Amino acid sequence: MTLTADAPTRCVAPHSTTALRRAYAEARRAGPARHRDVAAGLGISEGELIGAHAGVPDNEACGLMARRLHGPWPALVAAFEALGEVMALTRNASCVHEKVGTYRDISAVGPAGREMGLVLGGAIDLRVFYSRWAHGFAVDEITARGMQSSLQFFDGQGVAVHKVFSRARTDRGAWVDLVARFVADEQHCGIETVAAPRSAPERPDTDIEIAGLRQAWSSMRDTHEFFGLIKRFCVTRRQALRLADPQFVQAVDLDSAPALLHAAAAAAVPIMVFVGNPGMIQIHSGTVKKIAPMGPWINVLDDGFNLHLRQDHVAQAWIVRKPTADGLVTSLELFDEHGDTIAMFFGERKPGRAELCGWRDLVEGLAPDATAQGTPCAC
């Protein structure tokens, strides 16, 4: 996706940020309210709401103070390791992924401004796309539980990319030092936003070389080759699934994720849960235990890992099988009505190891037609 040169910008005028702060204070007085929900009710992005609290005196902060941070973002993220235990949060419009741990084994590659980053050394497992990061803030807010400190990052549209929350075991001195190191000299109020990059329209199926796509799919030796396959044949991810050989993909019930989570918890099968947005992918690896439906949400409420999935946003669910040098790798992939990925579920595995038989059995159990299931696991 590319941003067009004539993409309009929008800036919340200085006088209107006062009204935004007052509106937020009123919303908080009415009861607990998430920043994202308050912003949506005001017709603005979450980043604009946070930005409205930057560069204002304490007596105007309404219990929330934001300090603008500067990059380079890879250097800032590299400094997270010193913080010790924190909670990392990544979300999209339909799913929230929260993971407690320490940032370790942090790296970035690529030219300045377009770096891709990795965080690999422990519970917090991330794939970072820094070109989509536009705004960062250190946020301190008075809550019912006391002062909550966080580092919050937004894209050019003001949509949250990633957040880091302090915890009781966070090194507070390191936190203060990090903010002091990366706080911007200019602390103006409000942010400018730009239009979202335009996605290329999905090509008609009749224009796709389906036979070639299926051959390339069957020849994969690593799951990461799938991204190249999509680019090579100029298809969207969902279109690739629709056009693939039926032995590798199968549409399943929209409520397959809750069924899968309950089954994985009951059988103690370790899984991987991928949730992301254009600027970040966050991954959980391990077992899940407490699965709790709450209204339209299906939740995982475990120590160290929380997942909150809007089940009513799932428009398509697919079992996907990718050939690798280690055998088939099976996943459950969820999409919203726009074709955007909500979440992906895999069995926990490392390169060089075959997929867990227990995981494959769970996924194949979701398939309504046994004749369309993948190759049985030979354990």
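A: The buried residues of helix α10 pack against α9 (256-267), β13 (271-277), β18 (316-322), β19 (329-335) and β20 (341-347). This is a predicted model.

Which residues of α10 are buried? They are Cys357, Trp359, Arg360, Leu362, Val363 and Glu364. Arg360 and Glu364 are charged, and both are on the buried list. Cys357, Trp359, Leu362 and Val363 are nonpolar, and they are buried too.

Helix α10 spans residues 357-364. Of its 8 residues, 6 are buried, so the helix is largely enclosed by the rest of the structure. Buried here means under 20% relative accessible area.

Now step back to the whole chain. It comes to 10 helices and 20 strands.

Of the 379 residues, 50% count as buried. The chain exposes about 17,800 Å², and carbon and sulfur atoms supply 54% of that area. Contacts reach along the sequence: among those between residues at least 6 apart, 62% join residues at least 24 apart.

Helix α6 (residues 210-218) and helix α7 (residues 225-232) pack at an angle of about 170 degrees, with their axes 10 Å apart. That angle makes α6 roughly antiparallel to α7, because angles over 145 degrees count that way. On the α6 side, the contact residues are Leu213, Ala216 and Trp217. They meet Phe226, Leu229 and Arg232 in α7. By class, this contact has 5 nonpolar residues, no polar ones and 1 charged.

For an exposed position, look at Ala112. Its place is in the loop between β5 (106-109) and β6 (116-119). The relative accessible area of Ala112 is 73%, so this residue is exposed. Pro74 lies 38 residues from Ala112 along the chain, and their C-alpha atoms are separated by 9.4 Å.

Back to the helix you asked about: α10 is largely enclosed, and among the elements its buried residues pack against are α9 and β20.

Technical notes
Residues numbered from 1 in each chain as written. Predicted model: local features only at pLDDT ≥ 70, side-chain atom pairs only at ≥ 80, totals over all residues. Heavy atoms only, no water. Helix = DSSP H or I, 4+ residues; strand = E, 2+ residues; numbered from the N terminus. Buried < 20%, exposed > 50% of the residue type's maximum accessible area, 1.4 Å probe, protein only. Axes fitted to C-alpha atoms, helices over the stretch in contact; angles between N-to-C directions. Parallel < 35°, antiparallel > 145°, perpendicular 65-115°, else oblique. Contact = heavy atoms within 4.5 Å. Areas by Shrake-Rupley, 256 points an atom, 1.4 Å probe, with all protein chains shown as cover.
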